[in-house]
Amino acid sequence: MKFMKFAALVMALALCVVLAGCQSNESGLDTVNAGKFTVATNAEFAPWEMVGEGGEYIGVDMEVAEIIAKELGLELAIENVEFNSVINMVTSNKADAAMSGITITPERQESVLFSTPYATAVQSIIVREGYADIAKVDDLVGKVVGVQMSTTGDFFVSDMEGVEVRQYSTGTNAALDLAAGRIDAVMIDSAPAEEIVSNIDGLVILEGIEMEPESYGIAFKLGNTALCEKVNAILERLLSDGTIDNLYIKYTVGE
C-alpha cells in the first residue's frame, strides 16, 4: 500500500462501493450485547489486527474499532476467531461487526452489509529469496501455493487451473512452510506480506506483479442499516482528517 495516496484512492473507490451498502431507514441502533460494540476479528493479520505483548488487541482495525465504539457511546468487545468465521459471527448475531481486513466482494455482499471502504490493498506473492521459478502470476501454475483460508488470495489461486492450493489458518503459518521449503509461494494481501517478510528470514515479495486493487470494509448483518450508517459517518471523518492514514503509518513505518 502506498499510504501517500491512501485516502484519495479509498474515497474514490468508496463512490463505487458504498451505493451497494447502507440505505437509510427508521430503525434504532441495536447491538448483540447491550452497551457494547462487539467486533469479530482474526488477530493474525498485521498491521490490521494482532495481539500485543500484553495480550491486548492492537493494529489499525483495532484502533479504528476503539474510536467507533467510543463515538457510539459503547464499550468495545473483541471476539478473536478464525478468519473464515468472522463473517459468520455477524450473520449468526454473535457480533455487531466484523473487522479483519475484509475485502468487499459481490459474493460477500450477498450475506453481509458493508460499510464505506476505509482501506485498499492488492495481493502479493511471497517466495523464497533466490527462487527463480516464479516471476509472474502465471508461473504459479504447477506450483504449490499457500494461502490463508477464505481470503481473497485463497479465492484467487483456487480459481487458477493447475495450481495446488494449500490452506492455512494464518498467513504466518503458510509463510513458515514456505521458508521450510514445503510449498513454493504464498499469496496474501500486501500489508501482511510486508510484515511477514520483515519477520521471517529468507522470504521476499515478488516485484512487478500487477494485481487489481481491493477495498476493505466493515461487515454488518444484513438489514442493520442504522448501525452501518453511524459507522459510515465516523469512517468518512477518519479518512478525511488523516486518522486512518496515521494509524497505518504507525503500524508499518512506526511513530
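How much space lies in the largest cavity? In this predicted model, the largest cavity holds about 40 Å³ of space. The structure contains one cavity of 30 Å³ or more. Residues F45, F83, S100, G101, T103, R108, T151, T152 and D189 line the largest cavity. Classified by side chain, this lining comprises two nonpolar, five polar and two charged residues.

An open sheet is built from five strands, arranged in the order 11-10-12-9-13 with mixed pairing. Its edges are formed by strand 11 (164-168) and strand 13 (203-205), each of which pairs on one side only. From one strand to the next, the twist averages 30°. Strands of a sheet pair through backbone hydrogen bonds, in either a parallel or an antiparallel sense. The pairing of strand 10 (residues 144-148) with strand 11 is parallel and extends over five bridges. Within this pair, Q148 has Y168 of strand 11 as its bridge partner.

Two helices are described in relation to the sheet strands. Helix 6 (residues 171-179) packs on the sheet and touches strand 9 (123-128), strand 10, strand 11, strand 12 (185-189) and strand 13. The direction of helix 6 makes an angle of about 155° with that of strand 12. Helix 7 (residues 190-199) lies across strand 9, strand 12 and strand 13, and runs at about 130° to strand 12. Strand 12 (185-189) also bears on the cavity, as D189 is among the residues lining the largest cavity.

Conventions:
Residues are numbered from 1 along each chain as its sequence is written. This is a predicted model: local features need pLDDT of at least 70, side-chain atom pairs count only at pLDDT 80 or more; totals for chains, interfaces and linings use all residues. Side-chain values use heavy atoms; hydrogens and water are left out. Two strands pair if DSSP finds at least two bridges between them. Helices (H or I, at least four residues) and strands (E, at least two) are DSSP runs, numbered from the N terminus. Axes are lines fitted to C-alpha atoms, for helices over the stretch in contact, and angles run from 0 to 180 degrees between N-to-C directions. Contact means heavy atoms within 4.5 Å. On a 1 Å grid over the protein atoms alone, a cavity is a set of points where a 1.4 Å probe fits but cannot get out, and a pocket is an open set with protein on both sides within 12 Å along at least five of seven lines; lining residues have an atom within 4 Å of a point. Grid points are joined across faces, edges and corners, and a volume is the space filled by probe spheres set on the points. Ala, Val, Leu, Ile, Met, Phe, Trp, Tyr, Cys and Pro count as nonpolar, Asp, Glu, Lys and Arg as charged, and the others, Gly among them, as polar.
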